[in-house]
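Work through the exercises below with the sequence and the 3D structure open. Try each task before reading its solution.

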Amino acid sequence: MTFSDLLRLLRHYLKIAIAIPIACAVITVVVTLLAPSTYEAKATLITDADIALTGGFAQSEAELFSQNGITVTSKADTAYRTITIFAEGSDYNGCISAANSAINATADEIRKVNAAFTITTNEATYAERISPGLLKLIAIALVLGVFLSICVLIVIDAIKKPIKSENDIVTLFDLSIIGRIPNRDRGEKLLANIRFLSEEPLNTIAVIPAGLTGATLTCAELTSVFEHSGVAVSRTKGNPHAEGFKSAALPGILTIVECPSLSEGIGSVYIAKEADITILCVREWLDSRSALSNMIDELHLAKANIIGVVYLATK
């Protein structure tokens, strides 16, 4: 998938692309507001005792006081001969108490080794709130939401395999686009292309949709352009289970058969086999490449005279 394809995908599914990041941001706000804050208390110890031994005592005491949802850790700074105890949890006073208890217990262990060691402790008097800021969390949620929305849209695209442009039809199926709906020329191009690609006079035209809908609008366009050109037109609906086109062709009257989708029955293929020409109609983003491919394969087996595709754009 090229960057251009991705942009087109995002543009088509714009509501989904916007909704997912917003939903992620809202969920983040709700969870953040409901979740308890996290605090961190810090106590330090400075000593002339062996810093490695002191660090070992601090680590042991940190593990001992890590309880009731409070995590206590220690850090040794050899250069400054300092031990720092960190207590983190959702209980403000509990963090302060745990940090101070761990640092004092470490000092007691050092004194047991040698009471002559110099020990200075700085107990925690407060705990800092370390929970990420709400705006930062929202920004992260939006970024992750955008990434998630792109992944979701890529998966949807891979599953549905929609026809996204006229170029998909031309390059993948080697079919001509003989008309487009909506248009500004009142169907003149469609009429001209039909005349260029078929031998007149025409008696029957089979119109087959790639999906469940699209044939009605295409038949209405065809009826309008032919009637404006002075041709008498009769519209009829094809039977999804027909085994041929049984209506008698009336002299001087063009019959346009609105065929059902092949998903409803194979009758459209029988009708197309007997029609003078067959026109396929494809809806942008709504009809899949696999459905169009299967339909073309069936019509080729029936040796239907496919002259091209009417492209029903979304805009």
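**Exercise 1. Find the residues that Leu-148 touches, leaving out those up to four places away in sequence.**

Step 1. Contact means heavy atoms within 4.5 Å. With that cut-off, Leu-148 touches Ile-20 and Cys-24.

Step 2. Helices (H or I, at least four residues) and strands (E, at least two) are DSSP runs, numbered from the N terminus.

Step 3. Compare sequence and space. Leu-148 and Cys-24 are 124 residues apart in sequence, while their C-alpha atoms are 9.4 Å apart in space.

Step 4. Check accessibility. Buried means under 20% relative accessible area, exposed over 50%, and partly exposed in between (1.4 Å probe, protein chains only). Leu-148 has 41% relative accessibility, so it counts as partly exposed.

A note on the source: this is a predicted model, in which local features need pLDDT of at least 70 and side-chain atom pairs count only at pLDDT 80 or more, while totals for chains, interfaces and linings use all residues. Residues are numbered from 1 along each chain as its sequence is written, and side-chain values use heavy atoms, with hydrogens and water left out.

**Exercise 2. Which residues are in contact with Phe-86, leaving aside its neighbours within four places in sequence?**

Step 1. Locate Phe-86 in strand 3 (residues 82-89).

Step 2. List the contacts of Phe-86: Glu-40, Ala-41, Lys-42, Thr-71, Val-72, Thr-73 and Lys-75.

Step 3. Phe-86 and Ile-70 are 16 residues apart along the chain, and their C-alpha atoms are separated by 10.0 Å.

**Exercise 3. Describe salt bridges in the structure, which holds eight of them.**

Step 1. The criterion is a side-chain nitrogen of Lys or Arg within 4 Å of a carboxyl oxygen of Asp or Glu.

Step 2. Take Glu-109 and Lys-112, whose side chains form a salt bridge at 3.6 Å, N to O. Both residues lie in helix 4 (residues 92-113), three residues apart, which is about one turn of the helix. Glu-109 is partly exposed, with a relative accessible area of 23%, and Lys-112 counts as exposed at 65%.

Step 3. Take Lys-164 and Asp-157, where the closest N and O atoms of the salt bridge are 3.0 Å apart. Both Lys-164 and Asp-157 are buried.

Step 4. Take Glu-166 and Arg-180, where the closest N and O atoms are 2.4 Å apart. This pair links distant parts of the chain: Glu-166 is in helix 6 (residues 166-173) and Arg-180 in strand 6 (residues 177-181), 14 residues apart. Glu-166 is partly exposed at 25% relative accessible area, and Arg-180 is partly exposed at 34%.

**Exercise 4. Which residues of helix 7 are buried, and which are exposed?**

Step 1. The buried residues in helix 7 are Leu-190, Leu-191, Asn-193 and Ile-194.

Step 2. Ask how they are arranged. They cover an arc of only 165 degrees around the axis, so they are on the same side of helix 7. The arc is that of the directions from the helix axis to the C-beta atoms.

Step 3. Turn to the other side of helix 7, where Glu-188 and Phe-196 are exposed.

Step 4. Find the packing partners. The buried residues of helix 7 pack against strand 6, helix 8, strand 10 (277-283) and strand 11 (306-312).

**Exercise 5. Locate a cis peptide bond and two residues with positive phi that are not glycines.**

Step 1. The cis peptide bond joins Ile-181 and Pro-182, with omega about 5 degrees. Pro-182 sits in the loop between strand 6 and helix 7.

Step 2. Lys-161 has a positive phi of about 45 degrees. Lys-161 lies in the loop between helix 5 and helix 6 and is partly exposed, with a relative accessible area of 40%.

Step 3. Lys-303 has a positive phi of about 60 degrees. Lys-303 lies in the loop between helix 10 (289-301) and strand 11 and is exposed, with a relative accessible area of 71%.
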